[in-house]
Amino acid sequence: MTSTREMFSRARIPYGTWGSSFFPAWQTSALAEVNIGQFAGEAMNRILSLRKVPTTSLDYLILGSTIPWHWKFWTAPMIASCVDHRIPGFHLEQACATGLQAVIVAASEVHSNANDVVGVLTFDRTSDSPVGVFPERRAHERTMALADVWDNLGFDPATGNAMLSCAGFAARKHKTDRREVDELTMYRYEQYFNAKDSGLLDNVLVPLEVLNVQGKPLGMIDSDKGVRKLTYDMLQVMPELDDCVTGGTQTHASDGMATLLVTTKEKAQELSSRPEIDISFVGKTEMRTYPSLMQESPAMAVQKLLKKTGLTMDDMTVVKNHNPFAVNDVIFSKLLNYDWHKINNTGCPLVWGHPQGPTLTRVIIEALEEAVALGGGYVLIFGCAAGDVGIAAILKVTDGAK
Amino acid sequence: MKTLRQPTLDTFGLGNVLDIFKNGKLPVNADSLVDTIFGDSSNRGAIVISGANGIVGAGKTMQLGSRLQKYNIPIIALDFPGAPDGIGMQYQGLKGSFGQKQADEIMANVIRFNYDGKKLPSQLKDFNPRFLLEAIPEILDIKKNHYKVFRETFPGIAIRSVTSGFPSSELGVGIAHPAFPHQINKMWETVEDTPSDITKLLWAVGLIPVPVSDHWSFVLDVLFCGLMSAGLRYRQASNMPYWKIDKLIRKLLGPNPFRAHDAIGAKGANFLTWSCLYHLSETYGNLFKPTFDLEYRKESGQNWYPLNHFRPVVNWTLSDDELDEMNKWILGPMIQMTSLMLHENRGHLSHINAICEICAQFRSGILATIRQLGTEKSIKLVEEYHKLDPQSASSCWYPEVFEKINDPEWQQLYVNAEHDGSVGLITINRESYNKDVDIELNCAINWLKSENIERVILSGDFHFSTQLVGADTSDFYPALEDADKGYDISLNWSTTARRLHDEFKVSVGFLNGKRCLGGMLELMMHCHYLIATNDCQVGMPEVTLPVIPGMEGCHWSFRKAKKEDWSKISDLLFTGQAVKASGAVGWLIDFAGTEEDAIKMAWKTASGDNHGLTKR
Ligand SMILES: NC(=O)c1ccc[n+]([C@@H]2O[C@H](COP(=O)([O-])OP(=O)(O)OC[C@H]3O[C@@H](n4cnc5c(N)ncnc54)[C@H](O)[C@@H]3O)[C@@H](O)[C@H]2O)c1
């Protein structure tokens with residue numbers, strides 16, 4: 001295998017043209033009441049406005065979401081109309097890898113010279129998932145109704161196992177220690193609240209007001225509602241749902257959106273408020289591990305990616321992941337021999353929830369802000385996804401002024 | 001005869017308002033104008049309205065049909081055979097306004113002809129067309145060809161185009177440009193060399209002709225399309241959705257241009273606005289250049305507001321800085337466009353200002369708005385707008401026009417005064433009373449007093465104010481937050497009203513038109529005498545809002561009435577229901593009669609002639 005440290009050399013992420021909504025826990029906010037696609041489109045427009053990016057500069061739109069939303073047949077063109085700029089585009093999904101995969105695909109759009117400015121817009125509403133009925137010849141319960149989120153998390157059709165059971169399997173395989181898992185969880189909460197207090201997340205999270213059909217305020221989306229300060233004592237007494245998995249050491253369902261742009265280098269300089277900052281793509285890969293061991297797959301994907309790029313964990317300035325279970329991080333530490341305290345400095349999905357589609361997009365945005373604040377360097381993003389898949393990518397932030 | 005500024009009636013040859021009182025009659029009357037234009041009743045010619053099934057054509061067929069009904073002028077409605085039945089669609093509204101019987105009679109006078117666009121129907125001759133009101137699509141060649149066909153067949157026919165933007169010099173006919181909604185909006189911008197009988201007839205049947213100069217797009221469309229253009233440009237700079245821009249413009253100035261386009265019909269309205277801006281930009285440069293989204297929406301006819309199932313989900317709450325920037329994007333171009341219109345002398349300043357309010361939903365006309373901002377701030381706003389939108393800096397910007405802001409033309413937009421050396425007249429040309437009217441009324445009183453006038457008539461202006469409806473409620477909003485503000489309004493306005501009573505030897509309130517209500521009636525009742533036309537409705541509808549009459553209507557009216565009549569005044573105040581002036585003589589009104597009798601009585605009373613009325 002030859003190692004290379006460049007991918008999609010034409011593509012850049014313009015610094016600061018991004019934003020994410022807060023991720024309120026499911027059923028707790030006005031987001032439970034709206035067509036999340038429409039919300040995401042309108043929110044993207046507002047975020048771009050705050051970032052002083054005219055929507056008219058967009059050529060193309062790539063959507064990422066995992067839960068069906070009303071009128072999804074009309075895909076990106078419909079959401080582009082909500083962004084108020086009529087451009088083409090399409091929709092992709094890969095369970096919880098969606099938020100990263102969409103960015104990678106956008107970079108390939110730019111690199112292939114198909115488009116110069118591609119919007120990435122990821123979103124999901126886990127609240128009140130649509131109910132689907134799938135008539136099939138061989139189904140033993142032909143007209144069983146499926147409510148999308150829970151049924152999917154509870155049942156991998158290929159293995160018959162739930163996500164939660166996978167966490168238990170992986171914990172047993174890697175002999176993770178409940179105490180360490182609880183300590184890690186505590187630390188993740190501290191990281192989140194410290195980052196919030198530091199103001200770093202103000203560049204990422206945009207408060208948005210949702211309107212009802214009469215045009216009157218329905219609610220503000222201005223916090224990751226549902227996230228509360230946990231104490232170690234609280235974590236310790238939580239009953240185990242499976243080995244090392246408690247209500248505290250796994251994430252919760254939430255609703256939200258996140259958006260960023262992928263453009264050519266020239267366009268990035270034109271659109272960014274800090275053109276001296278260059279964000280490029282270094283590499284990306286995926287791995288699929290043995291059945292029902294999803295929580296180890298991200299570590300394996302990272303091992304593979306490091307090999308491909310010839311980089312080491314020590315080269316990384318920022319390391320951040322999608323960690324629906326705390327055991328993910330403990331296993332990662334063991335396999336990569338990397339101190340978990342150095343991961344997820346500004347918070348992570350374990351804490352702020354799991355709206356699926358936009359989760360990894362918010363992870364990327366937070367990681368890039370952190371890297372810029374640290375003066376640049378390599379940024380490692382990774383996470384797990386349905387089907388025992390791990391995904392990982394490395395980006396590079398260079399601050400031309402330094 | 002002296003006037004504070006030129007009376008607006010004078011702009012179409014009807015002279016001073018004071019002369020109406022002195023002569024004891026209106027300057028022209030509809031009967032004789034109809035005879036002159038259409039021939040006498042034994043030989044009445046017809047009006048042809050072409051494009052009669054269109055938005056304008058159908059509306060104007062109804063408006064003119066109802067107002068000219070009693071003169072038996074056949075209204076020939078001409079359109080293409082396949083045109084959708086625009087006139088038929090008006091029938092329900094007509095019935096609502098006039099009742100079935102009269103609606104049927106009005107419709108009976110409308111004769112519909114189909115026409116292929118080339119050859120006029122041969123039976124048209126039998127009706128002896130004397131006047132063509134052309135309301136066909138806004139395409140220059142089609143219009144010109146249309147006139148040619150008519151002139152060849154009916155050489156002496158008078159023609160007016162309703163065009164939104166083509167100057168008379170391009171079309172070769174006079175202009176009578178109406179405003180939406182066409183069946184009820186009374187205003188017509190007119191362009192003609194000298195004031196014609198047609199224009200005077202419009203006035204005589206209660207419509208509001210407003211002469212403007214022969215420039216592209218006249219006044220209304222420069223303002224209306226210009227405001228749309230400002231909104232569209234702001235949208236490009238900010239991404240803000242059209243619906244939200246619309247709401248903010250409404251808050252800032254009053255109109256909601258995007259909603260208006262949807263209401264008129266986006267397909268037609270988008271094209272007309274594009275056409276107006278396009279032609280303006282050809283003449284005046286980039287200030288008017290249509291934006292790309294207007295370009296494509298003129299083709300698609302797409303609505304500006306989201307469809308019903310797409311009602312907006314995300315609100316746009318602006319920071320103070322963002323709001324400040326938006327003000328520049330909207331007010332900047334509006335002030336600049338106004339400078340152009342003033343530079344070109346497009347019309348009497350009261351006309352330009354009133355067009356904003358009567359036809360374009362401005363809470364306060366653009367000139368009143370600029371006056372309020374002041375010259376320096378207005379100029380600065382435009383300069384700051386140019387920094388945001390440099391393409392507009394290079395075209396038509398005439399800041400020097402604001403140097404005249406202290407002249408009476410600028411200062412008396414709503415209130416004028418005239419006198420003949422002994423009797424003065426104050427005319428109000430705004431239907432509702434607001435801060436501006438109050439200030440101007442004080443200036444008018446001051447002027448008459450400085451001219452040693454002790455006798456005065458207070459009246460509408462016989463032009464814009466076809467009725468006086470009371471206080472402008474938008475002036476009350478600050479009082480909702482701060483009771484002292486309400487107290488101030490009440491005190492200031494009452495103080496002005498008292499001047500009519502205290503500072504003149506004789507003051508006469510003259511009430512004509514459809515109604516005189518609320519604050520305007522309170523103002524009038526401070527005069528020593530109240531003289532009205534029989535059918536003018538008088539009342540105090542405040543209780544229905546609900547507010548309390550704040551210009552002393554609650555006591556001044558009692559003070560002037562006999563005790564046994566107090567219950568009648570209480571009725572007015574407590575029910576909010578109006579009564580006819582003829583039914584209020586003795587306790588509220590001193591004299592009610594036909595318009596001519598009332599005019600004569602007002603003059604007698606004011607001039608000190610033997611009028612026989614006792615001062616209450
Ligand atoms: N829509 C408005 O609010 C508005 C306001 C002021 C002025 N105007 C002006 O009014 C005119 C008409 O506009 P509209 O909005 O009513 O358009 P419209 O399309 O609603 O109506 C035009 C009508 O003219 C008919 N027509 C077309 N060619 C004709 C011909 N050669 N002879 C007879 N009839 C013909 C059409 O069948 C149609 O019924 C335009 O000049 C426009 O600028 C429109």
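Modeller: Let us begin with one residue, B:Ser459, which lies in strand 13 of chain B, a strand that covers residues 455-460. Please keep in mind that this is a predicted model.

Colleague: Why does B:Ser459 count as buried?

Modeller: The relative accessibility of B:Ser459 is 1%, and buried means under 20% relative accessible area, so B:Ser459 counts as buried.

Colleague: Which residues does B:Ser459 touch, leaving out those up to four places away in sequence?

Modeller: B:Ser459 touches B:Phe21, B:Leu425, B:Ile426, B:Thr427, B:Ile428, B:Phe510 and B:Met524, where a contact means heavy atoms within 4.5 Å.

Colleague: What share of the residues of chain B count as buried?

Modeller: Of the 616 residues of chain B, 59% count as buried. Turning to its contacts, among those between residues at least 6 apart in sequence, 73% join residues at least 24 apart.

Colleague: How many helices and strands does chain B have, and what makes it as compact as a globular protein of its length?

Modeller: Chain B has 24 helices and 20 strands. Its radius of gyration is 25 Å, and the globule rule gives 25 Å for 616 residues, so chain B is as compact as a globular protein of that length. Along the principal axes, the C-alpha atoms of chain B fill a box of roughly 70 × 70 × 50 Å.

Colleague: Now the ligand: how many residues surround it, and which are the closest?

Modeller: The ligand is surrounded by 23 residues, and the closest are B:Val56, B:Asp79, B:Glu138, B:Lys143 and B:Ser164. The residues of this shell divide into 12 nonpolar, 8 polar and 3 charged.

Colleague: How much of the ligand's accessible area does the protein cover?

Modeller: On its own the ligand has 830 Å² of accessible area, and the protein covers 85% of that. The elements that give two or more residues to the shell are helix 3 (55-67), helix 5 (140-153) and strand 7 (174-178) of chain B.

Definitions and conventions. Residues numbered from 1 in each chain as written. Chains lettered and ligands numbered in written order. Predicted model: local features only at pLDDT ≥ 70, side-chain atom pairs only at ≥ 80, totals over all residues. Heavy atoms only, no water. Near = heavy atom within 4 Å. Areas by Shrake-Rupley, 256 points an atom, 1.4 Å probe, with all protein chains shown as cover. Helix = DSSP H or I, 4+ residues; strand = E, 2+ residues; numbered from the N terminus. Nonpolar A, V, L, I, M, F, W, Y, C, P; charged D, E, K, R; others polar. Rg over C-alpha atoms; globule rule 2.2 N^0.38 Å. Buried < 20%, exposed > 50% of the residue type's maximum accessible area, 1.4 Å probe, protein only.
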